[in-house]
Amino acid sequence: EYTSGKDYSFSTTNSLINNLKKSPSKRQTNPNEFRHKGRAIRQCSSAISQGLNPAWLTEATLVPVPPSKAKTDPEYDDRILQVCNGIAAPTPIDVRELVVQKQTIRAAHECDPGERPTVDEIADNFVIDEAVAAPAPKVLGIVDDVLTAGRHFKAMQRILQNRFPGVPIVGIFIARRIFPNDAFADFDAIEF
């Protein structure tokens, strides 16, 4: 679980996600810090490898959720594609960037809650990359780093269902967002 509003020191998952989301520009400005991103990518690949049925992986097509930056943007970050490509399996895994963004948008985690894009707005900025659409997938696994409100998953699901009707779709997430429970932060523990 990734705890919203807390920094990397709060938990191992917060540290993992913080390192995974490091900007590509950090490679030039702070290469020592950027090595944490590579370790986070490998850790996420390993966790997914351990969590998925290898037989399912032989049938599945994994589709990374596109980052907020378009492929033409210098800040484009293919971290989820790298996570997918790093998954260990007995046979090669079908990983495809079937869905891409038309244009760069502001990252959802950088927006105030009321300014975050809707499912419709996200879906309107997605397009199927027909160059990698064949062969048609048998089952689709949408892969993303953090499940927050589910907007990106639902937008991806909509786009993929329209293009590949009847193909089962599942979501694979490294973490889910939770909110800190600070309601009792001012109370001392009571011993019985």
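This is a predicted model: local features need pLDDT of at least 70, side-chain atom pairs count only at pLDDT 80 or more; totals for chains, interfaces and linings use all residues.
**Exercise 1. Search the structure for aromatic pairs and classify what you find.**

Solution. Step one: the search of the whole structure gives 1 aromatic pair. Step two: the ring centres of Phe153 and Phe173 are 5.9 Å apart and their planes meet at 65°, so this pair is edge-to-face; the cut-off for that class is over 60 degrees. Step three: find the partners in the chain. Phe153 belongs to helix 7 (residues 151-163) and Phe173 to strand 7 (residues 169-178), so the pair links parts of the chain 20 residues apart. Step four: check burial. Phe153 has a relative accessible area of 16% and is buried, whereas Phe173, at 28%, is partly exposed.

**Exercise 2. Which residues have the most contacts inside the largest nonpolar core, and which elements give two or more residues to this core?**

Solution. First, the core: it has 21 residues, and Leu20, Ile48, Leu62 and Val143 have the most contacts inside it. Next, the elements: helix 1 (12-20), helix 3 (31-51), helix 5 (79-85), strand 6 (139-147) and strand 7 each give two or more residues. Then take a second, separate core, which has 19 residues, including Val65, Phe126, Ala133 and Leu140. Finally, look around Val143: leaving out residues up to four places away in sequence, Val143 touches Ile48, Leu62, Val63, Pro64, Val65, Ile80, Cys84 and Ile172.

How values were computed. Residues are numbered from 1 along each chain as its sequence is written. Side-chain values use heavy atoms; hydrogens and water are left out. Rings of Phe, Tyr and Trp (its six-membered ring) pair if their centres lie within 6.5 Å; planes under 30 degrees apart count as stacked, over 60 as edge-to-face and the rest as tilted. Helices (H or I, at least four residues) and strands (E, at least two) are DSSP runs, numbered from the N terminus. Buried means under 20% relative accessible area, exposed over 50%, partly exposed in between (1.4 Å probe, protein chains only). A nonpolar core is a set of buried Ala, Val, Leu, Ile, Met, Phe, Trp, Tyr and Cys residues joined through side-chain atoms within 4.5 Å. Contact means heavy atoms within 4.5 Å.
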